[in-house]
Each structure stands twice: as structure tokens, then as C-alpha cells.
Amino acid sequence: TNFTITSPANAVIGRYNLTLQVISGNKIFSRFLGQFVLLFNPWCPNDAVHMANENERQEYVLNENGIIFVGNAKYIEARGWYYGQFQDHLLNICLTMLDLSLYYRQDAAMDVSRRGDPKYVGRVISSMINGNDNDNGVLLGKWQGSFHSHENPSRWDGSVVILQKWRQDNYKPVQYGQCWVFAGVMCTVLRCLGIPTRLVSNFNSAHDVDRNLSIDKYYDSSGKSLNIGKDSTWDYHVWNESWFIRPDIGASYNGWQVLDATPQEQSK
């Protein structure tokens with residue numbers, strides 16, 4: 001006997017148990033048929049992550065290789081990166097990541113019920129890519145000092161080895177990551193779950209800590225720089241954009257949505 005399962009376009013993603021139940025008279029027979037995994041589907045017109053252009057789906061969902069631009073505005077370096085979102089065990093690692101999050105641990109039922117919403121899943125994954133908030137995240141960020149006895153962030157060239165090491169070390173944060181590494185791993189996880197995702201590099205990148213839309217520097221009356229305020233400008237910064245609709249704020253905002261997994265300061 002063949003049968004077809006049709007899931008709602010906004011169904012919760014994750015692992016499902018499939019059970020067949022047959023009722024005959026007053027008797028009920030149940031048989032466990034197995035497990036399946038449901039993901040976001042950019043090919044489905046009613047899915048929140050639907051991407052109409054096949055070339056874009058090939059690039060932003062199916063492509064396992066990419067280039068990350070780093071360096072500075074006068075010398076931009078193109079660095080190859082292996083996303084590897086379809087490699088063995090990666091899907092299990094990505095689904096486990098959802099269950100390790102603080103969101104799930106604080107309220108499992110509420111967390112799972114929201115996993116049909118790509119913006120919610122994007123927020124959870126953004127939090128889990130870094131381990132700087134003590135949540136069993138994938139990578140620990142480090143920008144200063146010695147990288148002795150651990151991996152210098154510049155040595156990484158792909159996500160698979162990082163995610164596998166995270167799992168093998170019983171989900172202890174891998175040391176160390178910086179912005180392009182966080183973004184590369186984030187891209188792997190989101191593409192694996194079916195959310196179209198790309199990387200964005202920005203040079204002379206303003207980091208506005210106090211959110212007043214300016215970069216503030218302070219000097220005394222003699223012109224000496226004062227070490228006040230935390231605003232800065234980085235040579236470059238790398239983050240992600242994911243493609244999905246925004247019914248919460250209006251259709252004019254549908255499309256590429258910014259997600260940044262680099263632990264600068266805690267987001268709201």
C-alpha cells in the first residue's frame with residue numbers, strides 16, 4: 001500500500017515519529033513505521049521561506065561551497081569556505097542544536113511550537129552559533145591575546161569540521177571563532193534546515209554600541225584622545241542574511257533578513 005503525507009506549509013520543523021493506526025470494530029491496532037524529518041521548503045509557494053527563482057535556490061540553499069570576503073577596504077581577500085550542509089550527521093547536529101538552546105530548556109513546549117517560523121528559528125540558531133552566553137554554543141569568540149593550544153580563527157576553512165568537533169566534545173564551544181567563522185557556520189546550519197542564507201561582508205564597518213546612529217570619539221581640550229565610549233570601526237565585519245517573509249511587520253519587508261551570530265553585545 002502506498003500513501004502520501006501532506007504537511008501544512010507552516011508546520012513545525014524537526015524529527016517526527018510516524019505511526020499507523022488501524023481501527024477495526026472496537027479494536028485498535030498501532031504500528032510504528034519509522035521517523036522522518038520535516039524541514040523548511042524554499043520550493044513550496046506557501047512556505048515562509050519560498051524562493052521563486054531556481055538559480056537563487058541552487059545558490060542560497062543547495063550550494064555547499066562559497067567565498068567569504070575579509071581583509072580591509074584597500075585589500076579585500078577572497079577566502080574559500082566549505083559549508084557542507086548535506087554531509088553525514090550534519091542534519092542531526094543542526095536539529096540537536098535547537099534542543100540545546102536556552103529557549104528550549106526554559107520552555108520546551110513553547111519553543112517547539114514556534115519552529116515553523118523561520119525568524120524564530122533564525123534567532124535561536126544565531127544565539128547557538130556562539131558560546132559566549134554559556135548556552136553550549138558552537139564557537140567561542142576571541143579577538144585578542146594568544147591562540148596557543150587552540151585553533152587560530154584564520155585557520156578554519158569550513159563549517160563541517162567545526163560542527164563535528166562541537167559534537168565530539170559533547171557540545172562544548174570550539175575555540176576559537178571570529179565574525180567570518182560565525183557567519184560561515186551559521187550559513188551551514190540555516191541552509192541545512194532549508195532556510196536560504198548568504199553572507200554579507202562590510203568594510204570600514206561601524207560598531208555603534210550605544211545605538212545613537214553615530215560613532216562617537218572623545219578628546220580633551222588639548223586634543224588628547226579620551227578612552228570613553230565603546231563605539232569603534234572595524235576593518236570589516238561579516239554577517240548573514242536569510243530569505244523569508246515578514247507578516248509581523250508587513251509585506252514590504254519580505255526578502256533578505258539580517259542575522260548576526262557574532263557575540264558583540266547581547267541583543268534584545
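Predicted model: local features only at pLDDT ≥ 70, side-chain atom pairs only at ≥ 80, totals over all residues.
View 1. Serine 242, which is found in strand β10, touches Leu190, Ile195, Pro196, Thr197, Gly255, Trp256, Gln257 and Leu259, when residues up to four places away in sequence are not counted. One of these residues, threonine 197, makes a polar contact through its side chain with the side chain of serine 242, at 3.0 Å. Proline 196 lies 46 residues from serine 242 along the chain, yet the C-alpha atoms of the two are separated by 5.6 Å. Serine 242 counts as buried because its relative accessibility is 0%, and the limit for that class is under 20%.

**View 2. The open sheet of three strands that includes β10.** The strands follow the order β7-β10-β11 and pair in an antiparallel manner. Because β7 (197–207) and β11 (255–259) stand at the edges and have a single partner strand each, one side of each is left without a neighbour in the sheet. From one strand to the next, the twist averages 35°. In general, the strands of a sheet pair through backbone hydrogen bonds, and they may do so in a parallel or an antiparallel way. Here, five bridges join β10 (residues 232–244) to β11, and the bridge partner of phenylalanine 244 in β11 is glycine 255. Helix α7 (residues 179–192) lies across β7, β10 and β11, running at about 5° to β10.

**View 3. A stacked pair of rings, tyrosine 16 and phenylalanine 36.** The model holds eight aromatic pairs. In this one, the ring centres are 5.2 Å apart and the planes meet at 5°, so the pair is stacked. Tyrosine 16 belongs to strand β1 (residues 14–24) and phenylalanine 36 to strand β2 (residues 27–38), so that the pair links distant parts of the chain, 20 residues apart. Tyrosine 16 counts as partly exposed at 28% relative accessibility, and phenylalanine 36 is partly exposed with a relative accessible area of 28%.

**View 4. A tilted pair of rings, phenylalanine 203 and tyrosine 236.** The distance from centre to centre is 6.3 Å, with 40° between the planes. Phenylalanine 203 in strand β7 and tyrosine 236 in strand β10 are 33 residues apart. Tyrosine 236 counts as buried, at 17% relative accessibility.

**View 5. Tryptophan 256 and charges over rings.** Ring pairs link Trp256 with Tyr60 and Trp243 into a cluster, while arginine 198 lies over the face of tryptophan 256, at 3.9 Å from the ring centre. Arginine 191 lies over the face of tyrosine 83, at 4.8 Å from the ring centre.

Definitions and conventions: Residues numbered from 1 in each chain as written. Heavy atoms only, no water. Pairing = 2+ DSSP bridges. Helix = DSSP H or I, 4+ residues; strand = E, 2+ residues; numbered from the N terminus. Axes fitted to C-alpha atoms, helices over the stretch in contact; angles between N-to-C directions. Contact = heavy atoms within 4.5 Å. Buried < 20%, exposed > 50% of the residue type's maximum accessible area, 1.4 Å probe, protein only. Polar contact = N/O pair within 3.5 Å; in protein donor to acceptor, adjacent residues only side chain to side chain. Phe/Tyr/Trp six-rings, centres within 6.5 Å; stacked < 30°, edge-to-face > 60°. Lys NZ or Arg CZ within 6 Å of the ring centre and 35° of its normal.
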